[in-house]
Amino acid sequence: MPIALRLLRLGSNVRSLAMEHSLTTALKEWDVAVRALAAGDTILLLRKGGIREEGGQFKVEGDRVLLYPTYEHQKPHLLKLDYAARVQPVPSGWHPQTVEISAWADITEILAIDEAAPLARLLPHHIWNEQFATERFNWKPRQPLYLLLLQVSKLPQPIHIPYCSEYGGCRSWLDLAASMALTGSERVLSDGDYDRRVDAIRGAIA
């Protein structure tokens, strides 16, 4: 059986920095992954949670999202060694008093795979190790693994917001209490560099 590859959504004109001036929608992800995205180390997230089905179409909560770092569930043993060393373990239930938001992203594509064969070829393109990729693929085996491709921009200055209990729990999507201005943001990668990485990921699973 051939590898199933499906383009689920590509927002219209999401590459335009001027499309929105402020944003409240946020995507929760491990702090180490948010930092890797903001540094240009990767453009790829592997997800099964946070995807909702509406009218027969898979979609995320928004094409443009703030990147909200989380700490409690980071597991160093599921990261490549270089990134595992950057994780500071925290006790269960711990959260910071304030959360630093320093970047946002356009989710330019959502790809889906429902066979395990591409997992090894995707390893060079993300920060997790083979165990993580396999476990994430095998969780809810009837559902495909979603590849979120993010073109990241950094805010001119990090913004610190108070932690709210509503932001906790195993949720992927948040609607923050206050809107954050995007004016003055700069792309982490040029369009050309980003497109080359997208093409490499497509090639790895095609």
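Me: Helices (H or I, at least four residues) and strands (E, at least two) are DSSP runs, numbered from the N terminus. Where does Q74 fall?

Reply: Q74 sits in the loop between strand 6 and helix 2. This is a predicted model, where local features need pLDDT of at least 70, side-chain atom pairs count only at pLDDT 80 or more, and totals for chains, interfaces and linings use all residues. Residues are numbered from 1 along each chain as its sequence is written, and side-chain values use heavy atoms, with hydrogens and water left out.

Me: Why is Q74 called buried?

Reply: Buried means under 20% relative accessible area, exposed over 50%, and partly exposed in between (1.4 Å probe, protein chains only). Q74 has 9% relative accessibility, so it counts as buried.

Me: Which residues does Q74 touch?

Reply: Contact means heavy atoms within 4.5 Å. Leaving out residues up to four places away in sequence, Q74 touches W30, D31, V32 and V87.

Me: What makes Q74 and V32 a polar contact?

Reply: The test is a pair of N or O atoms within 3.5 Å; within protein, one must be able to donate a hydrogen and the other to accept it, and residues adjacent in sequence count only if both atoms are side-chain atoms. A polar atom of the Q74 side chain lies 2.8 Å from the backbone nitrogen of V32. The pair at 2.8 Å therefore meets the 3.5 Å limit.

Me: V32 belongs to helix 1. What makes helix 1 largely enclosed?

Reply: Seven of its eight residues (31-38) are buried, so the rest of the structure largely encloses helix 1. The buried ones are D31, V32, A33, V34, A36, L37 and A38. They pack against strand 2 (22-30), strand 3 (44-47), strand 6 (64-70), helix 2 (81-84), strand 7 (98-113) and strand 8 (145-162).

Me: What makes strand 6 a partner of strand 2 and of strand 7?

Reply: Two strands pair if DSSP finds at least two bridges between them. Strand 2 and strand 6 are joined by five bridges and run parallel. Strand 6 and strand 7 are joined by three and run antiparallel. Both counts reach the limit, so both pairs qualify.

Me: Which residue of strand 7 stands opposite R64?

Reply: D106 does. R64 itself is found in strand 6. The two side chains make a polar contact at 2.6 Å.

Me: Why is R64 called buried?

Reply: Its relative accessibility is 3%, so R64 counts as buried.

Me: Back to W30. What makes W30 and W128 an edge-to-face pair?

Reply: Rings of Phe, Tyr and Trp (its six-membered ring) pair if their centres lie within 6.5 Å; planes under 30 degrees apart count as stacked, over 60 as edge-to-face and the rest as tilted. The whole structure holds five aromatic pairs by this search. The W30 and W128 rings have centres 6.5 Å apart and planes at 70 degrees, so this pair is edge-to-face. W30 lies in strand 2, while W128 lies in the loop between helix 3 (119-122) and helix 4 (130-138), so the pair ties together parts 98 residues apart in sequence.

Me: Why are W128 and F132 called stacked?

Reply: Their ring centres are 4.8 Å apart and their planes are at 15 degrees, so the pair is stacked. W30, W128 and F132 form one aromatic cluster.

Me: How do you know that W128 and F132 are buried?

Reply: W128 has 2% relative accessibility, so it counts as buried. F132 is buried too, with a relative accessible area of 4%. W30 is also buried.

Me: What makes K48 a charge over the ring of F137?

Reply: NZ of Lys or CZ of Arg must be within 6 Å of the ring centre and within 35 degrees of the ring normal. The charged end of K48 sits over the F137 ring, 5.5 Å from its centre.

Me: Why is G169 called exposed?

Reply: G169 has 52% relative accessibility, so it counts as exposed. G169 is in the loop between strand 8 and strand 9 (173-181).

Me: How many helices and strands does the chain have?

Reply: Five helices and ten strands. Buried residues make up 47% of its 206 residues.
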